[in-house]
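Please brief me on this model.

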Amino acid sequence: MSVIRRLIVTIAENPPARLDKALARDVPEEAGLSRSRLAKLIAAGDVSRAGEVLDNPRAKVAEGDELELTFTEATDVEAQPEDILLEVVYEDAALIVINKPVGMVVHPAPGTPTGTLVNALLHHCGDTLSGIGGEKRPGIVHRIDKDTSGLLVVAKSDKAHTGLAAQFEAHTVNRHYRAVVYGLPDAGDPRVRGVRGVSFEQGNVMKITTQLARHKHDRQKQAVLFSGGRHAVTRARVVEPFGTPPVATLVDCWLETGRTHQIRVHMAHAGFGLIGDQTYGGRRKLAEKAIGATGAAAAANFPRQALHAATLGFEHPETGEHMAFEAPLPADMQDLIDALRL
């Protein structure tokens, strides 16, 4: 079974000259359209601009062009309710806030059709979830990675979905993450000041400003760019350094934008990859002389990126009330920190 979708893509500033490359850059990642799929849509005449069919991948596009894509989306991965325990932080008729555990995928996909947050929500909420996300993603407004823990807000009404999505789009949602990284982000470090896109603000707050886009050779990864891609800004503040001299740090990260893998990619770009992050962080060895054998072993054996969505704040989309939530660190991250403190 499939449904017809129409997607409007607005071409951002400084676009590539070719239609296919501009679409590959500017189509939202959530649409799930690969470069090859986009090429097929163009060839099939399923891309248009103001009613004009654009079937040449080399067609010229300009900033501000609104391109309409028409395509089918399979719905055969329809999610089924599953009785999976959820940690509900808050719930009312409009929305629900969940503290997602490590290892849980947010929504079904061909590789993970069951055991997801959506499966659990369908059981918990019944048919009250917003339908805007379709059968695969009912109520889902934003995501966090499978191996990242922490807070997510889910819409239970279409009005709440629209209101929350607008806040995420406007970057007014307050999201802070706790991460354990290699090294110590410090304004006095000349190496860090020499990294393109990295600067420091008052209070030793590190600011990372780049463009992000899918990696050319691995579409499961994101890559830092300085032209093209999507604008991304991350800030990070030292919470607690570990070791003498410091070889690891607990940092507070917050997002001005919300791109896929943003914190993981940005911290690695600045030279402070997340401990346990096999995709971006690298597997470094912490010096036992600086951190002790227990801390070095804990870092070496940590099985996932040390990242937790700790706080979430937004305006209630129906009442206008300011909502703020906090989730404590999961046990594995707390154990890692305790070992590093030794």
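Arg 25 and Asp 26 form a salt bridge through their side chains, with N and O 2.7 Å apart. A salt bridge here is a side-chain nitrogen of Lys or Arg within 4 Å of a carboxyl oxygen of Asp or Glu. By this rule there are 14 salt bridges. The model is predicted: local features need pLDDT of at least 70, side-chain atom pairs count only at pLDDT 80 or more, and totals for chains, interfaces and linings use all residues. Residues are numbered from 1 along each chain as its sequence is written, and side-chain values use heavy atoms, leaving out hydrogens and water.

**Salt bridges**

- Arg 25 is buried, at 12% relative accessible area. Asp 26 is buried as well, at 12% relative accessibility. Buried means under 20% relative accessible area, exposed means over 50%, and partly exposed lies in between (1.4 Å probe, protein chains only).
- Arg 237 and Asp 252 form a salt bridge, with their closest N and O atoms 3.4 Å apart. Asp 252 belongs to strand E13 (residues 248-255) and Arg 237 to strand E12 (residues 230-242), so this pair ties together parts 15 residues apart in sequence. Helices (H or I, at least four residues) and strands (E, at least two) are DSSP runs, numbered from the N terminus.
- Asp 252 is buried, at 7% relative accessibility. Arg 237 is partly exposed, at 32%.
- Glu 240 and Arg 341 meet in a salt bridge of 2.9 Å, N to O. Glu 240 sits in strand E12 and Arg 341 in helix H9, so the pair links parts 101 residues apart in sequence. Arg 341 is partly exposed, at 46% relative accessibility.

**Helix packing**

- Two packed helices are described by the angle between their axes and the distance between the axes.
- Helix H8 (residues 293-301) packs with helix H9 (residues 331-341) at an angle of about 150°, and their axes are 7 Å apart. Axes are lines fitted to C-alpha atoms, for helices over the stretch in contact, and angles run from 0 to 180 degrees between N-to-C directions.
- H8 and H9 are therefore roughly antiparallel. The classes are: under 35 degrees roughly parallel, over 145 roughly antiparallel, 65 to 115 roughly perpendicular, and the rest oblique.
- H8 and H9 cross in a left-handed sense. Left-handed means that the near helix is turned anticlockwise from the far one by less than a right angle.
- H8 contributes Thr 294, Gly 295, Ala 298 and Ala 299 to the contact, and H9 contributes Leu 336, Ala 339 and Leu 340. Contact means heavy atoms within 4.5 Å.
- The residues of this contact comprise five nonpolar, two polar and no charged. Ala, Val, Leu, Ile, Met, Phe, Trp, Tyr, Cys and Pro count as nonpolar, Asp, Glu, Lys and Arg as charged, and the others, including Gly, as polar.

**Backbone geometry**

- Most residues other than glycine have a negative phi, and most peptide bonds are trans.
- The peptide bond between Thr 244 and Pro 245 is cis, with omega about -5°. Pro 245 lies in the loop between E12 and E13.
- Asn 14, not a glycine, has a positive phi of about 50°. Asn 14 is in the loop between strand E1 (2-10) and helix H1 (19-26). Asn 14 is exposed, at 63% relative accessible area.
- His 171, not a glycine, has a positive phi of about 60°. His 171 is in the loop between helix H4 (158-169) and strand E8 (174-182). His 171 is partly exposed, at 39% relative accessibility.
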